Amino acid sequence: MGVDKVKVEDKQVGQVALGEVFISVHGVSKIYSLRGEDVYALDNVDLTIYRGEYLSIMGPSGSGKSTLFNVIGALDHPTKGYAEIGPLRLTELSSRQLAYVRCNYIGYIFQSYNLIPSLTALKNVSLSHILMGATPEDSDDAAARSLKSVGLGHRLDHRPDELSGGQQQRVAIARALVNEPSIILADEPTGNLDLDTGEEIIRILKRLSVEEGVTVVTATHDHKMLKQSDRVINIRDGQVESIQRSDELKIEEGTIEIGGKAVH
Ligand SMILES: Nc1ncnc2c1ncn2[C@@H]1O[C@H](COP(=O)(O)OP(=O)(O)OP(=O)(O)O)[C@@H](O)[C@H]1O
Ligand SMILES: [Mg+2]
């Protein structure tokens, strides 16, 4: 089944009831060979993510969060196993089809922003829309709307070095939203934001998931974000340690209890 078919289905399906499996990970291992030793960044991970769900991934540094993001986000192939988005098995797509999936279906928010330093906020965001095939004028309009939605309507002409860290992160978020993706993958999206801006971003992600059926997957330690999630996955040493509904988690300031253990 080709990529275009998914696009058609996506439009027809519209507001699908939660419970439809959208992303699935099957027996995925990512093994690096380092000086003759195998390093398991992911070790036989199985995971099901539902359409429209808001999923948080927790785990200590080096536990495999970014590696899992890269596999789900069609940025890296696993050593064993495979991931699927809808009916598409990512390991079976050509590099051209993978590029189409990345551009049209997934909005990425990286911890390190990855903005282009020489471009204004507006052009950083509109470039993503141009790559999807829109005209420069339409792309600028879409970029301005997206930047306004994250509270940056007054900073369209600023380059990244003329913005604060939190504002740069919001440009990165506007860029992730501009193509109206079905999936948002966010690595610590509120890590560099002040409280108010962080809460605003959480509200935006939550609204997209509830009202527009966008599937949001985020790596986070932010308790406010964990509370808003539908489910929280804890990974350790490349393995899924627990999966819980967020209303089953005991979240207190500074501490969260997972599987009966306090995690700071
Ligand atoms: N290119 C590589 N070669 C060898 N080992 C690697 C490579 N990339 C990642 N790893 C190892 O894989 C494991 C998982 O890395 P990953 O970046 O997914 O962790 P993470 O959970 O995202 O950590 P953090 O919270 O610090 O971002 C780590 O132990 C890391 O050292
Ligand atoms: Mg990481």
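## The core

Five residues, Ile72, Leu147, Ala174, Ile184 and Leu185, touch the most other members of the largest nonpolar core, which counts 62 residues. (A nonpolar core here is a set of buried Ala, Val, Leu, Ile, Met, Phe, Trp, Tyr and Cys residues joined through C-beta atoms within 7 Å; buried is 20 or more other C-beta atoms within 10 Å of a residue's own, exposed is 12 or fewer, partly exposed is in between, with C-beta atoms placed from the backbone.) Helix 6 (residues 165–177) hands this core its largest share, six residues.

All of this is read from a predicted model, where local features need pLDDT of at least 70, side-chain atom pairs count only at pLDDT 80 or more, and totals for chains, interfaces and linings use all residues. Residues are numbered from 1 along each chain as its sequence is written, while chains are lettered from A and ligands numbered from 1 in the order in which they are written.

What does Leu185 touch, leaving out residues up to four places away in sequence? The list is Phe69, Ile72, Gly73, Ile106, Tyr108 and Val217, where contact takes C-beta atoms, placed from the backbone, within 7 Å.

## The chain and its sheet

Buried residues account for 40% of its 264 residues. Take the contacts between residues at least 6 apart in sequence, and 67% of them join residues at least 24 apart.

Six strands make an open sheet with mixed pairing, in the order 6-7-8-3-9-10 (two strands pair if DSSP finds at least two bridges between them). Its edges are strand 6 (106–109) and strand 10 (239–245), each pairing on one side only. Strand 3 (residues 54–58) and strand 9 (residues 231–236) run parallel, joined by four bridges, and Ile57 has Ile233 as its bridge partner in strand 9.

Back to helix 6: it lies across strand 6 and strand 7 (183–187), at about 170° to strand 6. (Axes are lines fitted to C-alpha atoms, for helices over the stretch in contact, with angles from 0 to 180 degrees between N-to-C directions.)

## Around ligand 1

The shell around ligand 1 includes Tyr32, Val39, Lys65, Ser66 and Thr67, going by C-beta atoms, placed from the backbone, within 6 Å of the molecule. Helix 2 gives the most, with three residues, while strand 1 (21–34), strand 2 (37–50) and helix 2 (65–72) each supply at least two.

Notes: Two residues are in contact if their C-beta atoms, placed from the backbone, lie within 7 Å.
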